[in-house]
Amino acid sequence: MTVTYQKNVSNTSFMGFAKLLFKWRGSIYKLVFKELLMYGSAYAIISICYRFYMTEEQRRQFEKVSLYCNQTAGLMPMSFVLGFYVTFVVTRWWNQFLNLPWPDRITHTLAMYVNGADDRGRILRRTMVRYINLATIILFQTISGSAKKRFPTMTHLIEAGLMTHEEKQMFESIKVTVNKHWIPFIWFINLVNIAVKEGRIQPGEPVKQILEEMNNLRTKTGHLWGHDWVTVPLVYTQVVTLLTHLFFMTCLIGRQFLDPSQGYKGHDIDLYFPVYTFLQFFFFLGWLKVAEQLINPFGEDDDDFETNWFIDRNMQVCYAIVDEMYGKVAKFDKDPHWGTYSLDLPYTEAALVHKIPNYKGSTMNIVVPPREQIMVFGNAEEPPMQESEHRYSYVQNVFARYCCCCSIPCAPPLNK
């Protein structure tokens, strides 16, 4: 299930974001703690060998190798490659979320245009929305691990009441070698034709709107299937993964604290724990783990999309709209604010602090003196020019008469 913390950051507060650091589920600690333990153990083993088990000659050779590794580690473009990769993966992840096939719009359209409160009308509407949801469930069977575990075969769809035995036979009779999640959409179109013939749907604009909504949903299912088919190029993922791990393997030797008595540059102090190397490992590997988790949001990670909840929600909402709520409205009469145009709705004491005065505009409080409020029209006499205005007019005439690059008059004077 997606980890949400919206309530925790609804208001800016003291140490507001810092409180999120103590969450475990979906956290960076949960993602990298195993790798961090392995890396720390490897660093400690190398450090112990250098300090206690190497001969003097071996230590000198190791120090040369360490200095070389530390120098060459800076040549690896970690921030650039990893940052671009994570940005690409996050953008792709968000596009997949935007293409989740929510059936609410097409369900609203069916409730509007498929008429009939009798059993026949109810059957038509319920079957239509079942086909819409069946198409998305068959899609999730092919791209989502959690949905596949819930509905491993078509028989499980029958047991769940999503498909009949006859529909299963019709589905399997279509001998194509490609994904067949689009078949229920064709059944949906056939039902629309039947409803038009029976007079349940008026031909023309109603049919057009229903098919537009259906095609819009079909487009989204196609996008999701396409994202599952064409993923981030493997070579790019390999480059980023290799670069990250090779960088920190190099740092295992290059970031060792060497003997200060040898006078190596940057090794004036001797510590046992490389704090900033481990922080760098923590953040860079965490960055890589973010991409690892988001590259396929239909898996079973903490922040992956909960497709099984999505299936349950859509089935409940669709059946409620086209059946239970069909044609039902509350008694409507004059509302409590009848005849009142300046409404002042009440506040609770908790919400009273959010009540603000009506905003009328930034210049509404500017007061123009009465003597400046006199309207001046085009045929009114011009006021006499002040002395400064005379000087400005003279200079303007001079520049207007002569070109900026020669002494040839290029314009007549402005004022005669």
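## Surroundings of Gln-293

Leaving aside residues up to four places away in sequence, Gln-293 touches Leu-31, Asp-301, Asp-302, Asp-303 and Asp-304 (contact means heavy atoms within 4.5 Å). Gln-293 belongs to helix H12, residues 275-294; helices are DSSP runs of H or I with at least four residues, numbered from the N terminus. With a relative accessible area of 9%, Gln-293 is buried (buried is under 20% relative accessible area and exposed over 50%, with a 1.4 Å probe and protein chains only).

## Basis of the model

This is a predicted model in which local features need pLDDT of at least 70 and side-chain atom pairs count only at pLDDT 80 or more, while totals for chains, interfaces and linings use all residues. Residues are numbered from 1 along each chain as its sequence is written, and side-chain values use heavy atoms, without hydrogens and water.

## Nonpolar cores

A nonpolar core is a set of buried Ala, Val, Leu, Ile, Met, Phe, Trp, Tyr and Cys residues joined through side-chain atoms within 4.5 Å. The largest one has 46 residues, of which Leu-110, Met-128, Phe-140, Leu-157, Phe-188 and Ile-201 touch the most other members. Elements giving two or more residues to this core include helix H4 (104-113), helix H5 (119-143) and helix H13 (307-324). Its largest share, twelve residues, comes from H5. Another core, of 26 residues, lies apart from it and includes Tyr-39, Leu-82, Phe-278 and Leu-288.

In helix H8 (residues 165-173), the buried residues are Glu-167, Lys-168 and Phe-171. Viewed down the axis of H8, they fall within an arc of 105 degrees, so they line one face of the helix; the arc is that of the directions from the helix axis to the C-beta atoms. Their cover includes H5, H7 and H9. His-165, Glu-166 and Gln-169 are exposed on the other side of H8.
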